[in-house]
Amino acid sequence: MAGSRLPRQLFLQGVAAVFMFAFASLYTQIPGLYGPDGILPARRTLRPQGKGRWQQLWETPTLLWEAPRLGLDTAQGLELLTLTGTVLALGALLLRPLRHPLVYLLLWAAYLSACQVGQVFLYFQWDSLLLETGFLAVLVAPLTLPPRHKQGRASPHEGLPFWLVRWLLFRLMFASGVVKLTSRCPTWWGLTALTYHYETQCLPTPAAWFAHHLPVWLHKLSVVATFLIEIAVPPLFFAPIRRLRLVAFYAQVLLQVLIIITGNYNFFNLLTLVLTTALLDDHHLSAEPGCSRHKRTPTSWPKALLATLSLLLELAIYGLLAYGTVHYFGLEVDWQQRTIHSRTTFTFHQFSQWLKTVTLPTMWLGVVSLAWELLMTFWRWTQVQGWLRKLCAGVQLSVVGAATVALFLISLVPYSYVEPGTHGHLWTGAHHLFGAVEHLQLANSYGLFRRMTGLGGRPEVVLEGSFDGHHWTEIEFMYKPGNVSRQPPVLVPHQPRLDWQMWFAALGPHTHSPWFTSLVLRLLQGKEPVIRLIQSHVTSYPFHKQPPTYIRAQRYKYWFSRPGEQGRWWRRQWVEEFFPSVSLGDPTLEMLLQQFGLQDKNPPRAHSPSRVLARALHWVRTQLSPLEPPTLLWSLLAAVGAIKLVQALLAPGPFQSSPLARGEKQRPASKDSRAASEPAAPSSNPGNGSRPPRRKK
């Protein structure tokens, strides 16, 4: 198996980039979501219970407990955390020395702190995925940077925690595929889910309109491919044959890129792409000429036999995947109509029995793979020369190995949720470990797109305001569907969290979304931070001069327009009233506020405006507020690209660092020129030049 030095660096840079996007996106929305005049003020979530400082921090792990010591309220503390996280992540993305465990620990702690007060707006699976990935980055990041061009001095344990990233990717993809079938959703079982998905997803892109109008047979074939990539391919992540892992890598990349093109899923797909780096190796990523071509050297017959057997096994796996896909999904080619017919040929009971059969073996697959990684790490440790270096490496290996095994055991509990029978047969110690750290979100359960919604048209909530209660004006959001003539936006990697929750609110009655009542209240009060969540430029808001006297909400059904309808992206039809017409002081509104505990009984305490930190935060907010959130994030991305380009141009070339470029004399060639040209293991006594270096076989 090839090394993982380059994939680890790529993983650490990717995690830093995703943290940067997540923090910056959240920062732009804090005043409207969590400020004193926001929808769900963050200060209500942190109420001291009279417990000790450390006990309080352990039960509710957030650094925002310390905000009052800095003269900040909870929302201002959240702004400071997100700004600090953005800067730290940007630094780790650009500077290699900042890819340190301490930096990633701070990023993880800051995001965990935000999630503790984020309430419903931070209850997304990708937020949990980012926390779990961020904690793994703490273990993957090296404590010290090895000197350049001296890769042999890398610590033996450095690649061990990186295996957990591969295990996380497996849990994410396999569970996401399984839940689609265990949910008994008729569209997934009928292979018609994608005939609805592009139209009914939260925030489609313009490409979703074109994808929606593709032939039905192609949609069904795409569902089959999704099941193949998410259920059948993930076990190949642990295949001992390198080409199988690379095939699995490109299959996952293809799926994530197609999702990015057709849907605005903020940083989720980017984070999943970062996880796929665990399937790569140095040989595949290296651009050095020597690594791109294998030397033609005589091969012994055992090695030739092993290579032949590996090729035959690889071909057998490809054939098995192809046969299983054709058999279980009834693929038939219709040459006359130039289509491919597909149908599900197995039942729910058969799938449930299959899941009971394979869930526990997939856990043992993880155990065997991890045991192999531990064994190889231990073997590398035995090759360390010098008793002091071996002792230090042994201590580090013991700590990292124990942490890796513990995190693997913890992750088995949420993974076993895919099959309840297996969950009950887990070792009780794993349950105890998971229960002790569950609130830290070190391991989570996943399952995306469990059921397809909007089968009869996507439900959409449209807010309306009025001054007299008779003439109503629609309040249009920047991103979610509203105006049928407005083109769907492209927002990645920004996530407008209010727009996302509006999509969830439309799926049921407004009482299932208590925060919606608070949104209505803030709009009746004319609170500018909340208005900016709807329209970044306040002048585009129809009631920017004076708040409306009445507000109500209607539920519509939306469909993509048909080809040929000029100037229209959507069609819509009124369904029912979603939220009744209310005004300030209305008994209905007051009753709902009291029912959901949204009444502001304790107004926020006034903090001294003379605080330097508070004034600095206000100044930064003032400077950045004119920028729309997607523009801000794209500007960060452009700045990173420009700096990377400058770094590449200023970096010394491969010949500038060579001995010949520095004017040094070339040493005379050794008698055994072939041995001198091969890489040698570092000698334990570098000062003794009389002994030839020993080569590792």
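**Close-up A. Helices that supply the lining of the second largest pocket.** In this predicted model, at least two residues of the lining of the second largest pocket are supplied by each of helix H2 (30–34), helix H4 (74–94), helix H21 (497–505), helix H23 (528–534), helix H25 (612–624) and helix H26 (629–650). The largest share of this lining comes from H25, which contributes six residues.

**Close-up B. The centre and the make-up of the second largest pocket.** The volume of the second largest pocket is about 790 Å³, and of the 34 residues that line this pocket, Pro31, Gly32, Glu79, Pro529 and Arg621 are the closest to its centre.

**Close-up C. The pairing of helices H17 and H18.** Helix H17 (residues 348–382) and helix H18 (residues 387–415) have axes that come within 11 Å and cross at roughly 175°, which means that H17 is roughly antiparallel to H18. On the H17 side, the residues making the contact include Thr359, Met363, Val367, Leu370, Leu374, Phe378 and Trp381, while those on the H18 side include Lys390, Ala393, Leu397, Val405, Phe408, Leu412 and Tyr415. The residues of the contact of H17 with H18 comprise 12 nonpolar, seven polar and one charged.

**Close-up D. A cis peptide bond at Pro493.** Val492 and Pro493 are joined by a cis peptide bond, for which omega is about 10°. Pro493 itself is found in the loop between strand E4 (473–475) and H21, and H21 is among the helices that supply at least two residues of the lining of the second largest pocket.

**Close-up E. The backbone at Leu191.** Although Leu191 is not a glycine, this residue has a positive phi of about 60°. Leu191 has its place in the loop between helix H8 (186–189) and helix H9 (194–200).

Methods
Residues are numbered from 1 along each chain as its sequence is written. This is a predicted model: local features need pLDDT of at least 70, side-chain atom pairs count only at pLDDT 80 or more; totals for chains, interfaces and linings use all residues. Side-chain values use heavy atoms; hydrogens and water are left out. Axes are lines fitted to C-alpha atoms, for helices over the stretch in contact, and angles run from 0 to 180 degrees between N-to-C directions. Helices (H or I, at least four residues) and strands (E, at least two) are DSSP runs, numbered from the N terminus. Angles under 35 degrees count as roughly parallel, over 145 as roughly antiparallel, 65 to 115 as roughly perpendicular and the rest as oblique. Contact means heavy atoms within 4.5 Å. Ala, Val, Leu, Ile, Met, Phe, Trp, Tyr, Cys and Pro count as nonpolar, Asp, Glu, Lys and Arg as charged, and the others, Gly among them, as polar. On a 1 Å grid over the protein atoms alone, a cavity is a set of points where a 1.4 Å probe fits but cannot get out, and a pocket is an open set with protein on both sides within 12 Å along at least five of seven lines; lining residues have an atom within 4 Å of a point. Grid points are joined across faces, edges and corners, and a volume is the space filled by probe spheres set on the points.
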